[in-house]
Amino acid sequence: MFSQEKSPNKSVKRFAKSNPKTSYKSLCFYTLSAILVWSLLIAFSGLWSIQVERRQMKILVENEARAHFNKDQAFRLWAASHGGVYVPITRKTQPN
């Protein structure tokens with residue numbers, strides 16, 4: 001009966017006693033691991049955001065270019081339907 005009482009106490013003492021160096025190393029390891037994982041998540045998020053912004057910018061630029069091209073085409077069609085643009089003939093502006 002006396003030996004049965006000692007075994008639970010020994011296990012409790014074993015868990016209660018911890019090596020300060022080992023616990024400090026574990027703490028440092030887990031802290032550095034958490035910092036590394038967090039930094040990687042932030043870097044991935046930043047790179048993803050940059051990629052999405054570039055894609056959006058490309059779409060906007062293409063739409064702007066199409067709008068300007070269509071405007072120029074419409075103006076040329078209008079000018080052609082009205083007989084062109086009259087420019088007086090001078091030395092600098094010769095007919096082609």
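Helices here are DSSP runs of H or I with at least four residues, strands are runs of E with at least two, and both are numbered from the N terminus. The model is predicted, so I note that local features need pLDDT of at least 70, side-chain atom pairs count only at pLDDT 80 or more, and totals for chains, interfaces and linings use all residues. Residues are numbered from 1 along each chain as its sequence is written, and side-chain values use heavy atoms, with hydrogens and water left out.

I checked the exposure of Val-37. Its relative accessible area is 48%, so Val-37 is partly exposed. Buried means under 20%, exposed means over 50%, and partly exposed lies in between (1.4 Å probe, protein chains only).

**Helix α2**

I read α2 as residues 20–81, 62 residues in total. From first C-alpha to last it reaches 91 Å, close to the expected 92 Å. That expected span is 1.5 Å times one less than the number of residues. Gly-83 follows α2 and has a positive phi, near 85°.

**Salt bridge**

I found one salt bridge in the structure. It pairs the side chains of Lys-71 and Asp-72 at 3.2 Å, N to O. The cut-off is a Lys or Arg side-chain nitrogen within 4 Å of an Asp or Glu carboxyl oxygen. Lys-71 is partly exposed at 49%, and Asp-72 is partly exposed at 36%.

**Whole chain**

I counted two helices and zero strands. Of the 96 residues, 1% count as buried. The accessible surface is about 9800 Å², with 66% belonging to carbon and sulfur atoms.

Conventions
Areas by Shrake-Rupley, 256 points an atom, 1.4 Å probe, with all protein chains shown as cover.
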